[in-house]
Amino acid sequence: MSLKIRPAQAGDAALVLGFIRELAEYERLLDKVEADEAAIDALLFCAQPRAFCDIAELDGEPVGFAFWFYNVSTFKGGCGLYLEDLFVRPQTRGKGVGKALLAHLARRCIDEGLGRMDWAVLDWNAPSIAFYDAIGALSLNDWIVRRLSGEALERLAGG
């Protein structure tokens with residue numbers, strides 16, 4: 001079995017969107033996906049991308065992805081990496097693909113001098129939580145994620 005991780009490239013927007021939709025279905029959030037191929041293409045393949053994606057291929061077949069962007073820690077005084085999405089197709093789980101994607105991103109952090117890698121996981125997703133615990137990821141239980149979007153965002157913006 002040959003595992004390769006490569007950056008997403010122009011022409012991969014449909015593949016990336018497919019992974020996003022598969023992840024959303026697993027997370028029971030498929031009805032929340034608004035992105036289309038054009039949006040993914042614009043995010044990843046514009047002149048100055050603000051988001052990035054790595055594709056995991058097992059024996060030449062795409063089986064998973066990591067979608068990420070740089071963030072900032074004022075406390076650390078530097079940048080980090082925020083993992084927005086990590087997904088491995090169910091039929092290839094348990095073969096080291098998820099760990100390889102995370103290790104690939106960890107290597108990027110080390111190579112680029114990034115202070116940390118952050119991500120969120122749904123509280124009911126016990127298999128993923130156990131996996132993250134096993135690799136040494138800490139749960140930040142003292143932080144509550146907040147989100148402002150839609151009408152509330154518009155209202156606050158004065159619109």
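Q: Is arginine 28 buried or exposed?
A: Arginine 28 counts as exposed, because its relative accessibility is 61%. The cut-offs are under 20% relative accessible area for buried, over 50% for exposed and partly exposed in between, with a 1.4 Å probe and protein chains only.

Q: Before we go on, what kind of model is this, and how are residues numbered?
A: This is a predicted model, where local features need pLDDT of at least 70, side-chain atom pairs count only at pLDDT 80 or more, and totals for chains, interfaces and linings use all residues. Residues are numbered from 1 along each chain as its sequence is written, and side-chain values use heavy atoms, with hydrogens and water left out.

Q: OK, back to arginine 28. Where does it lie?
A: In the loop between helix 1 and helix 2. Helices (H or I, at least four residues) and strands (E, at least two) are DSSP runs, numbered from the N terminus.

Q: And what about its phi?
A: Arginine 28 has a positive phi of about 60°, although it is not a glycine. Most residues other than glycine have a negative phi.

Q: Switching to helix 1. What span should it have, and what does it have?
A: Helix 1 covers residues 13-26, and its 14 residues should span 20 Å at 1.5 Å a residue; the end C-alpha atoms are 20 Å apart, which agrees. The expected span is 1.5 Å times one less than the number of residues.

Q: Which residues of helix 1 are buried?
A: Ala13, Val16, Leu17, Phe19, Ile20, Leu23 and Ala24. They cover an arc of only 155° around the axis, which puts them on the same side of helix 1. That arc is taken from the directions from the helix axis to the C-beta atoms.

Q: What covers them?
A: The cover includes helix 2 (37-45), strand 2 (52-58), strand 3 (61-73) and strand 4 (78-88). Contact here means heavy atoms within 4.5 Å.

Q: Which pairs are parallel or antiparallel?
A: Strand 1 and strand 2 are antiparallel over five bridges, and strand 3 and strand 4 also run antiparallel, joined by 10 bridges. Strand 4 and strand 5 pair in the parallel sense over three bridges. As an example from that last pair, tyrosine 82 has aspartate 118 in strand 5 as its bridge partner.

Q: Anything on the hairpin of strand 3 and strand 4, like how many residues are between the strands?
A: Four residues, and glycine 77 in that hairpin takes a positive phi near 70°. Serine 73 has glycine 78 in strand 4 as its bridge partner.

Q: What about the largest nonpolar core? How many residues?
A: It has 17 residues, and those with the most contacts inside it are Leu81, Leu83, Leu86, Val97, Leu101 and Leu105. Helix 3 gives the largest share, five residues. A nonpolar core is a set of buried Ala, Val, Leu, Ile, Met, Phe, Trp, Tyr and Cys residues joined through side-chain atoms within 4.5 Å.

Q: What does leucine 83 touch?
A: Ala66, Phe67, Trp68, Leu102, Leu105, Asp118 and Trp119, not counting residues up to four places away in sequence.

Q: Last one, helix 3. Which residues there are buried?
A: Val97, Gly98, Leu101, Leu102, Leu105 and Cys109. They fall within an arc of 145° seen down the axis, so they line one face of helix 3.

Q: And the face turned away?
A: That one carries the exposed residues Lys99, Ile110 and Asp111. Isoleucine 110 counts as exposed because its relative accessibility is 59%.

Conventions: Two strands pair if DSSP finds at least two bridges between them.
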